[in-house]
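Colleague: I should like to learn how to read a structural model. May we take the features one at a time?

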Amino acid sequence: STAGGAGGPEFFASAGILDPLLTVGLPRSVTASTAMDAFAHAVESMLSGKSNPTCRLFAGEAVRLIAGNLEAVLSNGQDVSRRQHLMYAAYLAAMSVNDGSCSLGHSIAHVLGAHYHIPHGAACAITVPMTIEFFASIFPERIRALGESMGIATDEAAGPQEHTLAPGAPPGPQENGIRIADAVRAMNRRTGIPTLSQLGVPRDDLPDIARQAWEENKHTMLQPAVMCRTV
């Protein structure tokens, strides 16, 4: 069976306390995966069919804070100031995803977690680049804004990326998406996020993972997210 979830007004807190001291003892792997889960919330809500300007504002700041502070926190887990930035980013990303919803990446991550027992944040980190590349040509301005939040120059006249675009391929929005997706993959490597192959997910399982991801949330998260593109 596919992964499932529960939701409703009863699941929303009326108040929250953001105390970075509570996170000081987190293991490195948990710090990385939870931060990348928040990063995925931000990216997916930016690139959702339900996205709006307010949630994209929150998401962009969350992306900037996580990209700018996660690796420093992993180097020094006692850096409370930077942990505070990560916690605030997670809050902003949650505010964003409440409006914009998750999309493609989380649906895949739910299936990965259910069948292979992969920690949710790690699964989301793995799927973020897929989400970026999928929506690059649909939401080019949002992709450029995402790049700016990460400190990545996105230029339609820039040369193609070596491993995805063929030599001589015309530049454009898709190239910007590849550039940003590759930067996220590099960040995953630096922060210790494993790949699907390292986690033992067989390549032959990928078509079934895609089918189950679509079935899990096609009427909730995925339909508004991919309404502009045939899948």
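Modeller: Let us begin with burial: a residue is buried under 20% relative accessible area, exposed over 50%, and partly exposed in between, with a 1.4 Å probe and protein chains only. The model is predicted, so local features need pLDDT of at least 70 and side-chain atom pairs 80 or more, whereas totals for chains, interfaces and linings use all residues. Residues are numbered from 1 along each chain as its sequence is written, and side-chain values use heavy atoms, leaving out hydrogens and water.

Colleague: Is Thr23 buried or exposed?

Modeller: Thr23 is buried, because its relative accessible area is 15%. Contact means heavy atoms within 4.5 Å; setting aside residues up to four places away in sequence, Thr23 touches Arg83 and Met87.

Colleague: Where does Ala145 lie?

Modeller: Helices are DSSP runs (H or I, at least four residues), numbered from the N terminus. Ala145 belongs to helix α6, residues 140–150. With a relative accessible area of 31%, Ala145 is partly exposed. Its C-alpha atom is separated by 7.3 Å from that of Gly60, 85 residues apart along the chain.

Colleague: What covers the buried residues of α7?

Modeller: The cover includes α1, α2, α5 and α6. Among the buried residues of α7 are Ile178, Ile180 and Val184.

Colleague: Where is confidence lowest, and where highest?

Modeller: pLDDT is the predictor's confidence in each residue, from 0 to 100. Helix α8 has the lowest mean, 75, and helix α2 the highest, 97. Over residues 157–166, pLDDT stays under 50. Where pLDDT is low, the predicted coordinates should not be read in detail.

Terms used
Helices (H or I, at least four residues) and strands (E, at least two) are DSSP runs, numbered from the N terminus.
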